[in-house]
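Trainee: I am new to this structure and would like to learn how to read it. Please take me through it feature by feature.

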Amino acid sequence: MSAIAENPEGPNEVIQVLFALHPKFDALHFCNPFEVLSYAQHNIHDSATKAFECTVAAAAPGTTSSSGMTIKADIDYDEAYERLSEFDVLIVPGGNVDAVLKSQAEPLGLIKAFADLQKQDFHKERTLLSIDTGSLFCAQAGVLQGLAATTHPDLYTKMEIVCKDAARRGDLEQTDVMEERYVVNNARFDLGEKLEENPFVLNKRPDGRRMSIARKGSNAWKESKRRESIVRRGSLRLGGMRVITSGGVASGLDATLYLVAAMVSIESAQEVARILQYTWIKGVTVEGIDV
């Protein structure tokens, strides 16, 4: 169950996050977003207002990364499937790509199940975030059809091939593979009165695509449960599931900071970046609705 943090404006739910690990995952693909989320607070001045609760799922009690670091799992995949409806966010680290794709191993099944759950029950807002080559797992699972996505720059061509194969197996809808820090699909946002002051808007886009926009934080997170938001979310692809894919390792930090800003607040994301002494570089948002 979600824990609740009290604040003057009412309770803020702790956002439930599930990490899906596989053997020889890339350690930084896991550690970077985990660290960002661990620092995020609904109220940056109150340590009791923790914004995210992270759970690690893996096939074995201990899963070892490609660099030799072993992470203890909180739950196995069987329990992850049973409890999947409890989680607001699924994060998919990359690494050991060829072996996972060849054997059709986890987390491929869990990714598809999470996407199917959103299509069946769009009353809850869910987010899928892949780090680096984790986007290839999302592509193989067929959840990127008709969307835009990115991955590590060395694997753009491989990503395009996997996406095209998924399209042939599915409904033939293609994936737009973009050379960006991160790419957001199905964003919900509040434009605000002064567009130029929106922290998620890029000043220029050389390819002419829509300016990058995201909604403004915890107030919108609460409003996502309004009936109007639910109906509009259901009209989007994948039942309105927010899908974020990131590029290389450091881009995973950028994408996770975006997640904090979108689900908690821009202030929270900026405070986490300050603590980490990291300069947040924005990616792009390609689809969204104003709710």
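Trainee: Which kind of link joins the side chains of Lys-50 and Glu-53?

Mentor: A salt bridge is a side-chain nitrogen of Lys or Arg within 4 Å of a carboxyl oxygen of Asp or Glu. Lys-50 and Glu-53 form one, with an N to O distance of 3.3 Å. Before going further, note that this is a predicted model, in which local features need pLDDT of at least 70 and side-chain atom pairs count only at pLDDT 80 or more, while totals for chains, interfaces and linings use all residues. Residues are numbered from 1 along each chain as its sequence is written, and side-chain values use heavy atoms, with hydrogens and water left out.

Trainee: How many salt bridges does a search of the whole structure find?

Mentor: The search finds twelve. Another of them pairs Arg-83 with Glu-86, whose closest N and O atoms are 3.2 Å apart.

Trainee: Are Lys-50 and Glu-53 buried, exposed or partly exposed?

Mentor: Buried means under 20% relative accessible area, exposed means over 50%, and partly exposed is in between, using a 1.4 Å probe and protein chains only. Lys-50 has 37% relative accessibility and counts as partly exposed. Glu-53, at 34%, is also partly exposed. For the other pair, Arg-83 is partly exposed at 23%, and Glu-86 is partly exposed at 34%.

Trainee: How far apart are Lys-119 and Asp-116 in helix H4?

Mentor: Helices (H or I, at least four residues) and strands (E, at least two) are DSSP runs, numbered from the N terminus. Lys-119 and Asp-116 are three residues apart in H4 (residues 108-120), so about one helical turn separates them. They form a salt bridge, with their closest N and O atoms 3.4 Å apart. Lys-119 is partly exposed at 44%, and Asp-116 is partly exposed at 22%. Elsewhere, salt bridges that share partners join Glu-79, Arg-83 and Glu-86 into one network.

Trainee: Which residues of H6 are buried?

Mentor: Helix H6 covers residues 156-169, 14 residues in total, and reaches 20 Å from its first C-alpha to its last, close to the 20 Å expected. Its buried residues are Tyr-156, Met-159, Val-162, Cys-163, Ala-166 and Ala-167. Seen down the axis of H6, these fall within an arc of 140°, so they line one face of the helix. The arc is that of the directions from the helix axis to the C-beta atoms. Thr-157, Arg-168 and Arg-169 are exposed, on the face turned away from the buried side.

Trainee: What do the buried residues of H6 pack against?

Mentor: Contact means heavy atoms within 4.5 Å. The buried residues of H6 pack against helix H3 (97-103), helix H5 (134-140), strand E9 (148-149) and strand E10 (176-177).

Trainee: At what angle do the axes of helix H1 and helix H10 cross?

Mentor: Axes are lines fitted to C-alpha atoms, for helices over the stretch in contact, and angles run from 0 to 180 degrees between N-to-C directions. The axes of H1 (residues 27-39) and H10 (residues 266-276) cross at roughly 120° and come within 9 Å. Glu-35, Val-36 and Tyr-39 in H1 meet Val-272, Ile-275 and Leu-276 in H10.

Trainee: Where does Phe-25 lie?

Mentor: Phe-25 is in the loop between strand E3 (15-20) and H1. At 0% relative accessibility, Phe-25 counts as buried. Leaving aside neighbours within four places in sequence, its contacts include Phe-30, Ser-65 and Gly-94.

Trainee: Is Ser-65 buried or exposed?

Mentor: Ser-65 is buried, with a relative accessible area of 4%. It is found in the loop between strand E5 (62-64) and strand E6 (70-72). Beyond neighbours within four places in sequence, Ser-65 is in contact with Lys-24, Phe-25 and Ala-27.

Trainee: How many helices and strands does the protein chain have?

Mentor: The chain has ten helices and 15 strands. Of its 291 residues, 55% count as buried.

Definitions and conventions. The expected span of a helix is 1.5 Å times one less than its number of residues.
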